[in-house]
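Colleague: I've got this one open and I'd like to learn how to read it. Can you walk me through a few features?

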Amino acid sequence: MKNTTRRTTGRAVALLAGAAVTALALTACSSGGNASGSDGGSGKVEGSITLQTWALTPTYTDYLNGVIKDFEKKYPDAKVKLVDQPGDGYADKVLSQASSNSLPDVINLPPDIALPLAKRGFLQDVAKDDSKLSSTYVKGALAAYNYKGVDGTFGYPWYLNTDVDYWNKTMFQKCGLDPANPPKTTDELFTQAETMHQKCPDDYLMSRKPGLSDFSLAGVKIINDQGTKFTFANSSKAADLIAKYAKAYKEGLMPSSVLNTDYLGNSTLFTQGKVAWTTGGATAISDFEKNNPSLKGNIIVSSALDNPPLYVQGLSVSAKSKHIATAEALAAFMTNAKNQEAFAHLVNIFPSTTSSQSDPYFSKDDGTVEAKARVLANDALKTAKNLNPVEANSAMTDFLDQQIALAMKGGTTPEKALQTAQTKMNSLLANS
């Protein structure tokens, strides 16, 4: 299963898998709507349609078949065929289906893979036919399927995730920090990292370099309103942030390996007890403790720094479907509160429906660290947002990452690194 804390821009976790959405040039076609479909969103729910999911079977076959059976019971004239695609190469598969006009009627898509399809008219604007979208789904999740320069909403939000922060209590106590008051902001992170370094020169609080999401948190305008040009290099805030990280790196506030190609990642270093902070999904603590039993009872959990990130999966409808009303009805049915809550009890995800946020399973703290992490994540989803613009694919962010590392090593200035990255990213964007 591709879960909610993974991103198609390259970060693998619980919802979005890495993939380059520009790998295949799509054939031109008419803009959105149902011009080539035989019925509109207000038509009768009937006919045979295909649902395509992403790496959900065989683990969740019973759940999916159960939802389909309930849907067909509610709409006796409709039939649904389930097709599941493997995780690897999913973006290329979907784009190939679009270019050959063979998109399934309902497609499991994260926002970034949906973007090029929406731009070229392959996806239905579901907001045209469903007036209850804004009152049904979490604001940030729905907004993830609204794109700059394209009118409409091109997906029903399905399952979600976000990050919470995990801290090593033993390292805090040993190095002069208060476990009851871990950092709440990036600025506090730098301050406490310096305190830890002074008390424990061989221990680290920080173990990462900044990226686009950090620019967003710093108030940097990353891309223009049309979604056609990156603009982050135009802001002094972005250069100031890199300079701040470069200074911290030079002063030894983070491991030197963070700029190496073989860097293990802060999650691995946290699990090994070498750094005192990492981020992860609401259930990450079980993995930490499984891989390093000495961490059991020594992990503190808190809300993500500044503004929580949002990871989204959704169900989009093909604008070329012969049964758009049926496809939209299935997407809405699969993402209703009842079906999402049932799914979220099977999987380590969160529903995108606002009414589900009061479900005791997600909202009640039983006193365990695990429950606290789940409650914090559930609360965070009320304000969480996608911090990385969907226009930024993995090729773009990888190049930016290289330039940031160069600036942190002192090989170039933050300003020059940002400008070089922006120029390259805009070139890639123009050709996407």
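Colleague: What do the buried residues of α2 pack against?

Modeller: Ground rules before that: this is a predicted model, where local features need pLDDT of at least 70, side-chain atom pairs count only at pLDDT 80 or more, and totals for chains, interfaces and linings use all residues. Residues are numbered from 1 along each chain as its sequence is written, and side-chain values use heavy atoms, with hydrogens and water left out. Helices (H or I, at least four residues) and strands (E, at least two) are DSSP runs numbered from the N terminus. Contact means heavy atoms within 4.5 Å. Here, the buried residues of α2 pack against β1, β2, β3 and α3 (111-119).

Colleague: Which residues of α2 are buried?

Modeller: Buried means under 20% relative accessible area, exposed over 50%, partly exposed in between (1.4 Å probe, protein chains only). In α2 (residues 90-99) that gives Y90, A91, V94, L95, Q97 and A98. They span an arc of only 155° around the axis, so they sit on the same side of α2; the arc is taken from the directions from helix axis to C-beta atoms.

Colleague: In what order do the strands of the open sheet run?

Modeller: Two strands pair if DSSP finds at least two bridges between them. Here 6 strands make an open sheet, β2-β1-β3-β8-β4-β9, with mixed pairing. β2 (78-85) and β9 (350-351) are at the edges, each with a single partner strand, so one side of each lacks a neighbour in the sheet.

Colleague: How many bridges join β5 to β7?

Modeller: 5, and the two run antiparallel, with D165 opposite S302 in β7.
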